[in-house]
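Q: I'd like to learn how to read pockets and helix contacts in a model. Can you walk me through them?

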Amino acid sequence: SGAMPFAQHHYPMENMDGFKRKYPAEFISEGVDQSRGWFYSLLAIGAFLTKQSPYKRCLPHGMILDREGQKMSKSKGNAVFASDVLSSDGADSLRWYLMISGAPYLPKRFDLEAMRDNANKFLGTLRNLYSFFAMYAEIDGFEPAGDVKSENLIDRWILSRFNSTVHEVTAALDEYEMTRAARSIQTFVIDELSNWYLRRCRRRFWKNEMSGDKLAAYETFYTVLEGVTKLAAPFVPFLTEAIWQRLRGEAGKSGSVHLEGFPVADNSMIDEELEKNMAGVLKTVTTGRAVRNKAAIKVRTPLARMLVHGKYHDVTEWTKDEELSGLVLDELNVKAIEIIEDTGELIRMSVKPEYSVLGKRFGKNMKAAAAVLEGLGAGSVVELVEKGSVSVEIDGKMEDVTLEEVRVESETAEGFESESEGDLTIILDTKLTDELRREGAARDLVNRIQNFRKESGFEVSDRILLAWRGPDEIKQVFEGYRGHICSETLVENLLEGEQDWENTTSFELDGFEIDLWVKLA
C-alpha cells in the first residue's frame, strides 16, 4: 500500500515526467483508523525514496458510531447498513448529513431521524424552490434571457448574497473545510433564498401581467437557482443533476451540471452596505416576531407602532432607507417605526443578587452587598448590562460587581412588550383599537379563503366567486376590506348569503361563526 504512488507509474523505470507532475498528491483521504496503516506506510516509503511526504494534506474521516456513541457491531445489533440507508433515503441525504453534522474527521453518531430531518430542511427546500419556479414559469411561459439588470432592492440583495456565498464556499473548499462550505450553502438556501427572498417576492409572481418587475423577479430567481444548483452539486450530486436537467430543458440535451464550471463570484454584484443593512432588517424581524409571540398577538393582527433601540449606530442604519423600513413594517405588520435613544421610560431593569456567588466573595458582608445591588438606580443597571460591570460602594469600599454575580430582570410598561437580541431592543405597542382588530380579521379571512380555494381543488390562477354568511361584526370586515380580500384571493364577485354551490366550509373567527361558499367564476 505504501508503494502505491510509485507502483502506479512503474517508478523508477519509466513515466518519470508523469510521476513528477502528480507527486506529491494534493490530499489523501481514508478512515482515521488508517493513521497507523496506509497514511504511515505511504509516508515512510515516500520519505525514504524522495525525502518528502507523498501527500500535502491528510483528510481522514471519523468513525461512524450508533446514535448512543457506541461502535457499530453486528453482534450488538446496533449496526446500520449503508445499503439500507441508500435504498430508503438516497445517497444525497446520507452525504449531506455526514457533511453538515460536523467536520469529517470527527466521530459521527448516526441517527436516522436526524439524517431525515437534515435532508428535509435542505434537500426539501431545494426541491420546493425549483417546484415554485417551475410552476409559475410554466403558467407565464417564462424563458430566461440570462440578462439580470433588476433595480429592485431585494433582487440586488439576493444577487449580492449569492456572490458573497460563492466567495465563502470557494474559500472554505480551498482550505479543505467541507463542513464550513456546506453550512454556508445551507444558510443561504434556507434562511436567505427561501425564508426571506422568495417569501417576500411571492406576490411579484402572482401578478397577472408580465410587468418589468415580474420579469426581473423571474430572471433573478432563475439566475440564483441555477447558481445554487452548481454550487451544491459536489455535495448532493443526484438532486442537483435532476434540477439542472429540468432548469435547462429536456433531459439529455442540456449536458450535466457536473460538466459545468464551478461558480465564480461576480464582485460587481456584491453590495456590502446593502448586505449589512439587510442583516439588520432580518435581526429586527426575528426579534420582533419573538416580541409578538411573547405578547400572544398573531402577525396578521396589525399594531400601531414599533420602537427600535440600538446600542450602536449601525444596528439601526437600515431605518434610513424607506424600502428596507417598508420590509420590516410589512413583515411585522406594524404601522410605524420609531427610533428611541434609550428604553428607560418603557423598560425598567433591576438586578437580583446571585447569593451563592456573592457569598463566596463577600462572606459575612453578603447581605450588605445584596442590599446595595437591589437598590441600584436605573443608570447603574444600564451601565452594568452594557459594560459588564459597575462600581458600587459596599461596606465603605468600592467594588466592581459583574453580570455573573447578579440576575438582570426587566419589566415592560403596561401596553407594551419588548425583547432584546444583543445590542438591539424591539418594543411593540400592543394596544389594539377596533380598527386594528378588523384589519387583522380581514387578513385572517384572506388566509382562510386561500386554504378553502386549495381544498376545493382550484389552480393558483383560477378566478372565483365567493359568498359568505356571518354576524354584523364580520359584515363590517367584508365591507370595509372588500377590495383587499378580493384582490388577494382572486375573487371576481363577493356575495352575501347562502348559495347552492358544491364547495362550502364553516369555521370560527374571533368567536364569530362564518360560512363560505365558492365556485369558479
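Q: Which elements each supply at least two residues of the lining of the second largest pocket?

A: A pocket is an open set of points on a 1 Å grid over the protein atoms alone, where a 1.4 Å probe fits, with protein on both sides within 12 Å along at least five of seven lines; lining residues have an atom within 4 Å of a point. Here those elements are β5 (347-353), α14 (366-374), α15 (378-387), β8 (406-412), β9 (416-421) and β10 (424-429). Helices (H or I, at least four residues) and strands (E, at least two) are DSSP runs numbered from the N terminus. By the way, this is a predicted model: local features need pLDDT of at least 70, side-chain atom pairs count only at pLDDT 80 or more, and totals for chains, interfaces and linings use all residues. Residues are numbered from 1 along each chain as its sequence is written, and side-chain values use heavy atoms, leaving out hydrogens and water.

Q: How much space lies in the second largest pocket, and which residues are closest to its centre?

A: A volume is the space filled by probe spheres set on the points, with grid points joined across faces, edges and corners. For this pocket that's about 710 Å³. Of its 32 lining residues, Thr343, Ile347, Met349, Val385 and Ser420 are the closest to the centre.

Q: What about the largest pocket?

A: That one holds about 1800 Å³. It has 43 lining residues, with Arg202, Arg203, Trp206, Gln450 and Glu488 nearest its centre.

Q: How do the axes of α7 and α9 cross?

A: Axes are lines fitted to C-alpha atoms, for helices over the stretch in contact (heavy atoms within 4.5 Å), and angles run from 0 to 180 degrees between N-to-C directions. These two come within 10 Å and cross at roughly 10 degrees, so α7 and α9 are roughly parallel (angles under 35 degrees).

Key. Angles under 35 degrees count as roughly parallel, over 145 as roughly antiparallel, 65 to 115 as roughly perpendicular and the rest as oblique.
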